[in-house]
Amino acid sequence: YGLRHMRLKDCFKYLWADAVCINQADILERNQQVQNMRQIYASASEVVIWLGEEIETDAEAFAFINLLPKTVNNPEVGQNVVGVGIEIPQADLELPGPTSPLWKYVATLFQRPWFRRIWVIQEVAMASNARIYCGSQTCSWESMVLLVEFIRNRGLVGVLGKNPPA
């Protein structure tokens with residue numbers, strides 16, 4: 001399904017999908033290809049993180065994730081609120097309170113298997129540009145990092161439930 005979402009009808013695009021391009025059942029081949037992954041991810045114009053098909057709550061979760069950088073970097077509120085630790089009441093940022101169902105939608109997104117796989121760290125760490133896709137929803141990796149920083153810095157980890165992101 002992910003490849004269908006990445007397909008562009010009006011131009012040519014090279015894709016490397018490790019789950020497709022590497023015989024996962026052949027341990028020797030898989031181990032050999034892992035040696036090449038660093039270079040592949042580093043030279044990619046964009047590393048695509050496919051979380052799977054979209055569910056009903058993903059549109060609202062991604063809308064929030066994409067709005068967050070605009071909100072916390074708003075010059076009227078203060079530059080890079082999360083990064084410099086400026087204390088501004090959550091209400092002033094027009095962000096959802098701890099009881100908002102939006103946090104459940106974000107928590108559901110973080111329960112996707114991709115967030116539990118250790119080898120994906122290399123994918124993101126080597127990428128000059130990474131983008132997350134979930135069905136038709138998308139956000140930059142930087143927006144996702146900003147969300148996690150915001151959650152941690154605001155002490156909101158508890159609103160994500162029992163298994164928040166690491």
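Arg112 and Asp58 are both buried, where buried means under 20% relative accessible area, exposed over 50% and partly exposed in between (1.4 Å probe, protein chains only). The model is predicted, so local features need pLDDT of at least 70 and side-chain atom pairs count only at pLDDT 80 or more, while totals for chains, interfaces and linings use all residues. Residues are numbered from 1 along each chain as its sequence is written, and side-chain values use heavy atoms, with hydrogens and water left out.

Arg112 and Asp58 form a salt bridge, with 2.5 Å between the closest N and O atoms. Arg112 sits in the loop between α6 and α7 and Asp58 in helix α4 (residues 58-72), so the pair ties together parts 54 residues apart in sequence. A salt bridge is a side-chain nitrogen of Lys or Arg within 4 Å of a carboxyl oxygen of Asp or Glu. The count by this rule is one.

The protein chain holds eight helices and three strands. Their order along the sequence is α-α-α-β-α-α-α-α-β-β-α. Helices (H or I, at least four residues) and strands (E, at least two) are DSSP runs, numbered from the N terminus. Of the 166 residues in the protein chain, 35% are buried. Among contacts in the protein chain with a separation of 6 or more, 68% join residues 24 or more positions apart. Contact means heavy atoms within 4.5 Å. The accessible surface of the protein chain is about 10,300 Å², and 54% of this belongs to carbon and sulfur atoms. Accessible areas come from the Shrake-Rupley method with a 1.4 Å probe; for residues, only the protein chains shown count as cover.

Helix α6 (residues 101-110) is mostly covered, with seven of its 10 residues buried. The buried residues of α6 include Leu102, Trp103, Tyr105 and Phe110.

Strand β2 (residues 130-134) is largely enclosed by the rest of the structure, because four of its five residues are buried. Strand β1 (residues 47-50) pairs with β2 in the parallel sense over four bridges. Two strands pair if DSSP finds at least two bridges between them. Val47 has Ala130 in β2 as its bridge partner. Strand β3 (residues 137-140) runs antiparallel to β2, and four bridges join them. Arg131 is bridged to Ser140 in β3. Tyr133 stands opposite Thr138 in β3. The hairpin of β2 and β3 has two residues between the strands, and Gly135 there takes a positive phi near 60 degrees.

Ser140 also meets Ser143 through a side-chain polar contact of 2.9 Å. A polar contact is a pair of N or O atoms within 3.5 Å; within protein, one must be able to donate a hydrogen and the other to accept it, and residues adjacent in sequence count only if both atoms are side-chain atoms. Ser143 lies in helix α8 (residues 141-153). Ser143 counts as buried because its relative accessibility is 8%. Neighbours within four places in sequence aside, Ser143 is in contact with Ile65 and Pro69.

Ile121, in helix α7 (residues 120-126), counts as exposed because its relative accessibility is 53%. Ile118, Trp119 and Ile121 make a nonpolar surface patch of about 380 Å². Patches are made of residues with over 30% relative accessible area and no salt bridge: like charges are joined within 9 Å, nonpolar side chains (Val, Leu, Ile, Met, Phe, Trp, Tyr) within 5 Å.
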